[in-house]
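I opened this entry to keep a record of what I looked up, going from the whole chain down to single strands.

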Amino acid sequence: MTVQGSPRVLTREFVEALSVEKGEPTWMRAHRDRCFAVFEGARLPRFGPDLSGLDFSDLSYYARPVDPVKRWEDLPDELRRTFNALRLPEAEQKALAGLGAQVDSEVVYRSLLDEVRAQGVIFASMDTAVREHPWIRDYFMKAIPAEDNKFAALHGAVWSGGTFIWVPPGVEVSVPLQAYYRMQTEAVGQFEHTLIVAEPGSSVHYIEGCSAPRFARSALHSGMVEIFAKDGAKVRFTTIQNWSKNVYNLNNKRALAHAGATVDWVSGSLGSKVTMLYPTTVLLGPGARTENLSFTFSQDGMWLDSGARALHRAPDTTSRLISRSVIQGSGKSVFRGTVHVYPHAKGSKAHVECSTLLLTPDAKTETIPILNAETDDVELGHEATVGRVSQDQLFYLMSRGLSQAQAMSLIVNGFVSPILKEIPLEYSIELKGLLEMSFEKAIG
Amino acid sequence: MPVLVVEDLHVSVGREPILRGVNLALNPGRVHALMGPNGSGKSTLALSLAGGPGYEVTRGRASLDGEDLLSLPPFERARKGLFLAFQYPPEIEGVSLREFLRLACAERGQGFCEFHKSYPQAISQLRMEAFDGRELNVGYSGGEKKRAELLQLYLLKPKVALLDEPDSGVDVDALRLIAGAIRTLAESGAAVLIITHYPRILEHVPLSDVFVLDGGRIVEHGGPELAHRIGEQGFEVVRR
């Protein structure tokens with residue numbers, strides 16, 4: 001059977017055909033089979049957003065509308081224009097050590113600076129990496145097993161594309177690596193797998209951007225990210241998603257941080273119909289640290305269910321979970337901040353801070369902090385605030401000559417500044433532009 | 001020719017009439033004072049001219065350079081050259097003073113380069129070096145807020161500046177600094193209106209006109225000597 005084609009009910013035959021077409025080793029074929037069985041038996045999550053609009057029998061589980069190219073110029077016109085508008089070729093020249101671009105199920109473009117390649121860094125498409133490096137088996141879905149949730153299982157069965165990064169011991173990649181994910185086909189499912197293995201003492205910053213044109217039918221993005229930060233390694237993972245309002249964005253992201261390692265998650269969620277995203281760091285070794293910075297902007301008809309989890313499994317570990325949610329129109333935002341300190345994780349520190357800014361009377365929000373400590377020798381802090389933009393602030397800024405939309409976006413920018421300043425410049429400028437545009441639209 | 005003209009202005013706040021027919025004209029290059037007891041409507045006048053929310057104009061006119069002011073949204077009044085220094089400026093978290101001023105100056109037609117020259121100049125003139133990099137009004141003391149308002153005034157170069165109690169809560173040194181800035185502003189051709197209870201600040205500026213507001217009307221209009229009389233005898237002197 002061919003794996004390309006129109007929407008279908010997912011079958012075991014399809015999953016096998018996908019593996020055959022990709023020329024995968026037998027372990028991966030077996031892995032996909034097992035994940036498919038788990039998927040079939042698993043229920044939808046019993047918390048969070050309504051997923052009834054997601055039809056598993058009306059999705060293209062694999063789509064390859066474009067062939068991979070070596071140069072941007074060789075992409076079809078429409079796509080080239082899109083990537084130009086997103087300023088990807090420009091960023092590649094100016095600010096990145098490497099760049100990958102994926103359209104639907106397959107990576108269509110990839111580059112890596114020679115000097116980074118010479119450092120021994122591997123930056124490859126996940127499909128290629130699975131064929132070329134058998135040892136990946138020891139990492140692939142070892143941080144997030146299929147049994148974790150239905151979407152993890154689905155991902156394991158049909159994953160395609162994504163990024164593999166290996167950073168050799170002691171190597172610091174000084175400039176970020178980036179991947180861009182684009183969903184181009186109607187009712188497509190995108191299931192890229194990202195695996196980062198940072199060897200002891202190494203460091204790397206990886207950035208993901210995501211977007212899609214809007215279609216009438218629902219699309220599904222269900223990526224998985226696994227990070228293995230070994231002793232003393234530093235990994236920063238930044239995601240900015242601006243999916244269109246027909247996309248269900250249901251991801252799994254988890255990092256294992258060994259002794260003295262640092263893992264930072266930075267997430268900006270601006271789009272999608274529904275998002276479920278809870279980046280998790282397991283602090284496995286003494287002195288490991290994690291920071292999770294999340295910014296969500298929920299508009300009419302959107303439900304952004306996000307959060308952060310830190311599991312303290314070793315002494316003297318530190319976590320800081322910071323979120324800023326802005327809600328406009330009838331949008332909804334939920335933030336779930338979970339910290340669990342295990343009995344032997346003495347001397348650990350955790351801080352959870354979630355602030356919400358409501359721009360309209362219809363805006364809905366909920367914050368659900370869960371802080372558990374199984375030892376007394378721990379410092380836990382939690383703050384939550386919900387506020388509205390005050391008329392006084394708006395008037396003050398307008399009395400200085402700023403329009404209402406400018407005033408609103410300045411206040412919102414100020415509110416999210418603790419996150420915004422951690423986002424790479426090109427993206428923070430784009431974010432500011434997007435915010436201002438949406439206020440102009442709303443205010444008229 | 002006056003630059004700002006207010007005629008028979010009636011303003012209500014929450015249906016309660018506060019201003020009951022204010023007449024007033026401000027001339028370019030001159031410093032005017034608006035005095036009056038607590039609750040006489042001084043701040044209401046300033047806020048309704050700036051277009052504050054909740055200030056309902058029920059009758060009357062106000063014009064800037066002959067153009068109607070009251071039908072414009074607040075930001076267009078500002079872009080035409082009206083500036084209100086707030087008595088209680090609100091705090092705007094996460095927004096740097098500099099970034100905010102850059103935006104506001106751009107709306108007043110000042111280019112990037114011009115701002116990058118004028119900003120440090122104004123900062124050093126007002127001895128506000130310590131403010132650079134701070135957030136807009138966040139954690140400022142009362143006196144610091146007044147100076148930050150003045151910095152904005154300096155950079156935005158309005159045609160008409162309404163200063164709502166620029167002297168309250170400031171020490172002697174800051175008062176001199178503020179008075180100096182007002183002088184410079186008037187010399188550059190702006191019409192200035194200082195709203196105050198106290199004649200103290202008025203001794204440090206080249207004052208031309210004093211208006212006294214009471215019960216929502218201008219009850220007295222005179223020269224600097226009127227401020228002296230009020231300073232010595234209180235507002236009783238204007239009550240008949």
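**Overall size and fold**

I began with the radius of gyration of chain A, which is 21 Å; a compact globule of 444 residues would have a value near 22 Å, so the two agree. I note here that the model is predicted. Along its principal axes, the C-alpha trace of chain A spans about 65 × 55 × 45 Å.

I then looked up burial, and 54% of the 444 residues of chain A count as buried. For contacts in chain A with a separation of 6 or more, I found that 80% come from residues 24 or more positions apart. The secondary structure of chain A comprises 10 helices and 23 strands.

**Domains**

I took the division of chain A from the assignment: domain 1 covers 1-228 + 236-256 + 263-274, domain 2 covers 278-386 and domain 3 covers 389-444. The centres of domain 2 and domain 3 of chain A, taken over C-alpha atoms, are 24 Å apart. I looked up their contact and found 10 residues from domain 2 of chain A and 10 residues from domain 3 of chain A. On the domain 2 side, β17 (289-298) and β19 (318-327) of chain A are the elements that give two or more residues. That side divides into seven nonpolar residues, two polar and one charged.

**The sheet**

Next I traced an open sheet of 10 strands in chain A, with mixed pairing and the order β2-β1-β5-β8-β11-β14-β17-β19-β21-β23. Which strands stand at the edges? They are β2 (106-112) and β23 (378-388) of chain A; each has a single partner strand, so one side of each is left without a neighbour in the sheet.

At the β2 end I checked the pairing: β1 (residues 98-103) of chain A runs antiparallel to β2(A) over six bridges. One residue pair I looked up is A:Gln102, whose bridge partner in β2(A) is A:Val107.

I also followed α9(A), which lies across β17, β19 and β21 (348-358) of chain A and runs at about 160° to β19(A).

**Contact with chain B**

Last, I looked up the contact between the chains, which takes 19 residues from chain A and 22 residues from chain B. On the chain A side, α8 (391-398) and α9 (404-420) are the elements that give two or more residues. The largest share, seven residues, comes from α9(A). By type, I recorded the chain A side as seven nonpolar, 10 polar and two charged residues.

Key
Residues are numbered from 1 along each chain as its sequence is written. Chains are lettered from A and ligands numbered from 1 in the order in which they are written. This is a predicted model: local features need pLDDT of at least 70, side-chain atom pairs count only at pLDDT 80 or more; totals for chains, interfaces and linings use all residues. Helices (H or I, at least four residues) and strands (E, at least two) are DSSP runs, numbered from the N terminus. The radius of gyration is taken over C-alpha atoms; the globule rule is 2.2 Å times the number of residues to the power 0.38. A residue is buried if 20 or more other C-beta atoms lie within 10 Å of its own, exposed if 12 or fewer, and partly exposed in between; C-beta atoms are placed from the backbone. Two residues are in contact if their C-beta atoms, placed from the backbone, lie within 7 Å. Ala, Val, Leu, Ile, Met, Phe, Trp, Tyr, Cys and Pro count as nonpolar, Asp, Glu, Lys and Arg as charged, and the others, Gly among them, as polar. Domain bounds come from an automatic or database domain assignment. Two strands pair if DSSP finds at least two bridges between them. Axes are lines fitted to C-alpha atoms, for helices over the stretch in contact, and angles run from 0 to 180 degrees between N-to-C directions.
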